[in-house]
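Hi,

Here is the structure I promised to pass on. Have a look at it first, and then read on for what turned up.

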Amino acid sequence: MIELGIGQGQRPPYVHVGGCYLAGVRQQPVSREAAARAVTESVAACSHCRADTELGIID
């Protein structure tokens, strides 16, 4: 899932694995492909749920 930024048109701050306790209330479910694309296009992966590792993206 993608955590949504505050305010209209703001960039998402994080990509999370579904069920991550740090995701907050502003979140949007997305496909695996959309989450992977977001991480590769500079949206940070959550350091707690390690969404990048779950998606198979290695820095």
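Helices (H or I, at least four residues) and strands (E, at least two) are DSSP runs here, numbered from the N terminus. This is a predicted model, with local features needing pLDDT of at least 70, side-chain atom pairs counting only at pLDDT 80 or more, and totals for chains, interfaces and linings using all residues. Residues are numbered from 1 along each chain as its sequence is written, and side-chain values use heavy atoms, with hydrogens and water left out.

Let me start with tyrosine 21, which sits in the loop between β2 and β3 (27-28). Tyrosine 21 counts as exposed because its relative accessibility is 66%; the cut-offs are under 20% relative accessible area for buried and over 50% for exposed, with partly exposed in between (1.4 Å probe, protein chains only). Its side chain joins that of histidine 48 in a polar contact of 3.2 Å. By polar contact I mean a pair of N or O atoms within 3.5 Å; within protein, one must be able to donate a hydrogen and the other to accept it, and residues adjacent in sequence count only if both atoms are side-chain atoms.

Histidine 16 is placed in the loop between β2 and β3, and is buried, at a relative accessible area of 3%. Its side chain makes a polar contact of 2.8 Å with the side chain of glutamate 3. Leaving aside neighbours within four places in sequence, histidine 16 is in contact (heavy atoms within 4.5 Å) with residues including Met1, Leu22, Cys49 and Ala51. Alanine 51, for its part, touches Val15, Val17 and Ala45, among others.

Now to helix α1 (residues 32-40), whose buried residues are Ala34, Ala35, Ala38 and Val39. Seen down the axis of α1, they fall within an arc of 135 degrees (taken from the directions from the helix axis to the C-beta atoms), so they line one face of the helix. Arg32, Glu33 and Thr40 are exposed on the other side. The cover over the buried residues includes β1 (2-3), β2 (14-15), β4 (44-45) and α2 (51-54). After α1 comes serine 42, with a positive phi near 85 degrees.

Finally, the largest nonpolar core has 13 residues, and among those with the most contacts inside it are Val15, Ala38, Val39 and Leu55. Such a core is a set of buried Ala, Val, Leu, Ile, Met, Phe, Trp, Tyr and Cys residues joined through side-chain atoms within 4.5 Å. α1 gives the most to this core, with three residues.

Best wishes
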